[in-house]
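Colleague: I would like to learn how to read sheets and nonpolar cores in a model, and I would be glad if you took me through them one at a time.

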Amino acid sequence: MLMTLSPANRDPAAGERAAPHDGAGANAIVDCGWGRLLFAQTFGDPAALADELREEGADRRDIAVYVDDPHVLLAQAPLELFLDPSHMFRLDLSSYRPSKRGQRAFTVRPIETGVDIDSVNRIYAARQMVCAPPDFYERSRDREELVHLVAVDTRSNEVIGTVMGVDHAAAFGDPENGASLWCLAVDPQARHPGVGETLVRRLAELFQKRGRHSMDLSVMHDNELAIALYEKLGFFRVPTFSVKRRNYINERLFVGDPTVDGLNPYAKIIVDEARRRGIGVEVVDAEGGFFRLTHGGRSILCRESLSELTNGVAMSICDDKAVTRRTVARAGVVVPDQIEAGDPEQLASFLAEHGSVVVKPARGEQGRGISVGLETIEEVERAVERARAYCDRVIIEKKAEGDDLRLIVIDFKLVAAAIRRPAQVIGDGRTTIRDLIAAQSRRRSAATGGESSIPMDEETERAVRTAGFSLDDIPAEGQAVTVRKTANLHTGGTIHDVTGMVHTRLVEAAVTVARAIDIPVVGVDFIVRSPREPDYAFIEANERPGLANHEPQPTAERFVDLLFPLSMPAAARRVGRG
């Protein structure tokens, strides 16, 4: 049920909570799927409110909101409850004015059960938020108390954002005639600006049409970007508090974040998983991503997903792309034709035979020095010079047509698979490509902890020229422009999980690569027409793949399983954001 009553109002004979009643609610509670909202202003007894918080379900996140005397509530269970470090903001709907700016790149509509639920939970998981059970949306779709909206890309029809609203008047006859916003989340891979703002506005407009006086939201005190957006929209601080029960989901809010400043997302995801299991963590060099894990007399030094279990020979094979190719080809893996730069006649002949080629340094990572889709000898020669800035030896490779597929293999088993797509910007009819790239880089950097951005370099300029534009051109509204040829996350690429659909032959080929190199953790890159089809071409193997890029797949869990097979499994995967 969406609204329930406190223990004092339960029917002991029924053994269940009493049904909602008409009029102003007493001890009002709204089930939101991910947890419950307990409206403290409707509780006359702080002990009853504390009792409800203590009944929080497993893997859920209950919140007591509008607590005016938090010290009194905390005193009821000081070892179990804590004061949430969030601010409450309010939008006055009587004075709110909708934006006149149109939006064609995506639309906002109510959630469609059976169609959008997996996408919504995927976004929640990517944002490290608690997911609701899939059947919750079906059970709650006709409830006036809850509103679920999604933002949908008009071209791809993909869900790229979501927000939930609670109608306080419908839920418990709120005398203040209010409403609130919860679980605003935007897909970290979304290319369109303004998704979050538009979702906030549409929810505000919906509640405004219902005649609600205000819409509130809770935001972490240090989330400066979100607070700036809300204040721009007209929200203002409300002097009230929220209280939560201590659990593993919100542990960092009441014990502090133990992570050393500067630890990147690829190291942090592993360190967090180790700490959840009680494994000792010593951060050796935060900036470089080095840390040591210790458990039961076993101690292993890691650099992100690279550990002492990966031997020097395997690293040497992965380090040299030509050696990698020869090693996996001997194992029967399909590889594209390849030569090494140096002989002009051989180069010209290779280009004439294949038409389109890739130039890359024999050693390197994160897409540095790679040029894709070169079709003239002049382009190839310039690309070779750029690549030599990273390695004296340069490889020329036949360009395989299709999508870039990254498969994460740990302990010779597939853990995650994702399609990686090159960076694109979407025109709005007003902004130059140069400025669109800058804005896209800011969003990608914010979504990835500073790990992804689009370089403004010669390769980006070439990609824009190939698309028929210059950097100072203004593409039409909704027009997509590919601004990089490589799909690397570090050069602004996006990543899309396909683990559940990848063809068995691709899985077998990835495991073959791992066994041929004899490497326990590896990111295998293929070019494929579709992850559902068996055809592929091997591109390279990465001995230090970014595990944080593949959430919600359990990459960190499987990595720690490999290092410490006898360690207790984590109680749960998701860490809520409060």
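Modeller: We will take a sheet and then the cores.

Modeller: This is a predicted model, so to speak, in which local features need pLDDT of at least 70 and side-chain atom pairs count only at pLDDT 80 or more, while totals for chains, interfaces and linings use all residues. Residues are numbered from 1 along each chain as its sequence is written, and side-chain values use heavy atoms, with hydrogens and water left out.

Colleague: In what order do the four strands of the open sheet lie?

Modeller: Strands of a sheet pair through backbone hydrogen bonds, either parallel or antiparallel. Here the order is E14-E15-E16-E17 with antiparallel pairing, where strands are DSSP runs (E, at least two residues; helices are H or I, at least four) numbered from the N terminus, and two strands pair if DSSP finds at least two bridges between them. Strand E14 (280-285) and strand E17 (306-307) are the edges, each pairing on one side only. Six bridges join E15 (residues 290-295) to E16 (residues 298-303), and Thr294 stands opposite Ser299 in E16.

Colleague: Which residues have the most contacts inside the largest nonpolar core?

Modeller: A nonpolar core is a set of buried Ala, Val, Leu, Ile, Met, Phe, Trp, Tyr and Cys residues joined through side-chain atoms within 4.5 Å, buried meaning under 20% relative accessible area with a 1.4 Å probe, protein chains only. The largest has 33 residues, and those with the most contacts inside it are Cys32, Trp34, Leu37, Phe39, Val65, Val166 and Trp182. Its largest share, four residues, comes from H3. Apart from it lies another core of 29 residues, including Ala151 and Phe235.

How values were computed. Buried < 20%, exposed > 50% of the residue type's maximum accessible area, 1.4 Å probe, protein only.
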